[in-house]
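Here are my notes, as promised. Have the model open while you read.

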Amino acid sequence: MAIEHNGIAGPYFEYDGLPAKHVVDKDLPLIHPYGPVTPGRYLTPGGGRLTIRPAEMRAHIRITLDHLGCPAQLTDEKNAAFKRLALAAEGYCVQSGCRHRAAYADGVFRIFEVRNGSIALAAFVRAVLAVELGDFAPADRLVQEAEALAGPVRREGEDDQASSG
């Protein structure tokens, strides 16, 4: 049986019915949406690779989600939901006086930065995993909470958009 490679160099392996993984990912633990959330690198229920680590700006946690070209994760709805999550995190930063743009990269490699002490890390990661699986409600709740605290998050098409990298 041929394993789809999604554009990266092999070798690949199959993992529990998820899209083919690169061999360097074979020992990564599978993160459960309601399990503990700690820094590290994980495989997600939607077939992605999730990394949680301190950001360059030490008051933040960086969360990256990599799907290596899985078309099911590149829909307009999911892209919009992931962007709303990044803007929700930025809303908490603005409220606390931190003046940087939302860390967000559209497409197969998404980057988020969440200020320590703002959105609970577990809640943010669970919202990311829910979007990956097609449930937008947790992301919408985080956006509503951020808007209640800091005012409206920017919408796509506004002059001061989230950064694309």
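1. First, the ground rules. This is a predicted model, in which local features need pLDDT of at least 70 and side-chain atom pairs count only at pLDDT 80 or more, while totals for chains, interfaces and linings use all residues. Numbering starts from 1 along each chain as its sequence is written, and side-chain values use heavy atoms, with hydrogens and water left out.

2. The fold has 3 helices and 6 strands, taken as DSSP runs (helices H or I, at least four residues; strands E, at least two) and numbered from the N terminus. Reading from the N terminus, the order is β-β-β-β-β-α-β-α-α.

3. On burial, 47% of the 165 residues count as buried (under 20% relative accessible area; exposed is over 50%, partly exposed in between; 1.4 Å probe, protein chains only). Take contacts (heavy atoms within 4.5 Å) between residues at least 6 apart in sequence: 54% of them join residues at least 24 apart.

4. Now look at α1, residues 76–95. Its 20 residues reach 29 Å from first C-alpha to last, close to the 28 Å expected at 1.5 Å a residue (that is, 1.5 Å times one less than the number of residues). The helix is mostly covered, with 14 of its 20 residues buried. After α1 comes G97, with a positive phi near 90 degrees.

5. The largest pocket has a volume of about 240 Å³ (the space filled by probe spheres set on grid points joined across faces, edges and corners). A pocket here is an open set of points on a 1 Å grid over the protein atoms alone, where a 1.4 Å probe fits, with protein on both sides within 12 Å along at least five of seven lines; lining residues have an atom within 4 Å of a point. There are 16 lining residues, and A123, R126, A127, P138 and R141 are the closest to the centre.

6. Which helix gives the most to that lining? It is α2, with 5 residues; α2 (121–132) and α3 (137–150) each supply at least two. By class, the lining has 12 nonpolar, no polar and 4 charged residues.

7. Finally, find F136 in the loop between α2 and α3. F136 counts as partly exposed because its relative accessibility is 23%. Leaving aside residues up to four places away in sequence, F136 touches E77, K78, A81, R84 and V131. K78 is 58 residues from F136 along the chain, yet their C-alpha atoms are separated by 8.2 Å.

Notes
Ala, Val, Leu, Ile, Met, Phe, Trp, Tyr, Cys and Pro count as nonpolar, Asp, Glu, Lys and Arg as charged, and the others, Gly among them, as polar.
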